[in-house]
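User: Could you walk me through how to read the helices and the packing in this model? I'd like the general idea, then the case at hand.

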Amino acid sequence: MNENLKAFEELLNIMDELRLKCPWDKKQTLETLRTLTIEETYELADAILKDDKEEIKKELGDLLLHIVFYAKIGSETNDFDIADVCKGISEKLIYRHPHIFSDVVVADAREVEENWEQLKLKEKGGKGTVLEGVPQSLPAMVKANRIQDKVRGVGFDWEEKEQVWDKVKEEISELEVEIKAGNQDKIEQEFGDLFFSLINTARLYGVNPENALERTNQKFTKRFNYLERQTMGVGRSLKEMSLEEMDVIWEEAKQFDC
């Protein structure tokens, strides 16, 4: 623990020094750091998907720097400092884990999540709404998954996960009807409903839809890059090739696990 505290103290001291002497660090504000923090968060997410432990460590450091930076700026205006940040999250964790720090008994992780959501509403004096804590700026897929997690926390969910497949089939049928009718606005609405149902299905089966789709994005990119390299290697352009010719190389890429 002493080594951890010493390392954290060193980071705080470095931040003080940078804020005092570095022209770039001196001019930063909460607003200017915001977009950089978003970028760092995505870089950490990429490293986690790649299971690159060394890169994860580096990206966690970058995010920790941002937290310390925000706290430093807050201390300069006497609004909050790093101690307030740490105390705040500690108090929240203790309050929202009564099964650890009090005498509440839970059966499993799902009950923990349900209690968590109930306690969050209680913190707002019963005036808060279940979904108000979902950031509006989240990407649509991440937001849909978070919305579904939130409402599950108050019991709004399927009794059996297999029931969700009827909903997926229903949404596909409704989409097909609108496609035949040719109403573009309705088609878009039904695609949205179908995506929402599929995201819900992934959640019920313990799959994070964002991670699943990103893995497929990466797999497709590798296979397409292989296709492109092989084509260029024989002096041809993809535009000159037929789809059948491309499929042959695509199957090769799959065999090489590209």
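Analyst: Gladly. Helices here are DSSP runs of H or I with at least four residues, numbered from the N terminus. Keep in mind that this is a predicted model.

User: Which residue follows helix 9, and what is its phi?

Analyst: Gly182 follows helix 9, and its phi is positive, near 80°.

User: How is the length of helix 9 checked?

Analyst: The expected span is 1.5 Å times one less than the number of residues. The 18 residues of helix 9 (residues 164-181) should therefore span 26 Å, and the end C-alpha atoms are 26 Å apart, which agrees.

User: Which residues of helix 9 are buried?

Analyst: Val164, Val168, Glu171, Leu175 and Glu178 are buried. They cover an arc of only 90° around the axis, so they lie on the same side of helix 9. These buried residues pack against helix 10 (184-204). On the other side of helix 9, Asp166, Lys169, Val177, Lys180 and Ala181 are exposed.

User: And what makes up the largest nonpolar core?

Analyst: In soluble globular proteins, nonpolar side chains tend to be buried together. Here the largest nonpolar core has eight residues: Tyr226, Leu227, Leu238, Met241, Met246, Ile249, Trp250 and Ala253.

User: What does Ile249 contact, leaving aside its neighbours within four places in sequence?

Analyst: Ile249 is in contact with Tyr226, Leu227, Gln230, Thr231 and Met241. There is also a second, separate core of six residues, including Met15, Val68, Phe69 and Ile73.

Definitions and conventions: Residues are numbered from 1 along each chain as its sequence is written. This is a predicted model: local features need pLDDT of at least 70, side-chain atom pairs count only at pLDDT 80 or more; totals for chains, interfaces and linings use all residues. Side-chain values use heavy atoms; hydrogens and water are left out. A nonpolar core is a set of buried Ala, Val, Leu, Ile, Met, Phe, Trp, Tyr and Cys residues joined through side-chain atoms within 4.5 Å. Buried means under 20% relative accessible area, exposed over 50%, partly exposed in between (1.4 Å probe, protein chains only). Contact means heavy atoms within 4.5 Å. Helices (H or I, at least four residues) and strands (E, at least two) are DSSP runs, numbered from the N terminus. The arc is that of the directions from the helix axis to the C-beta atoms.
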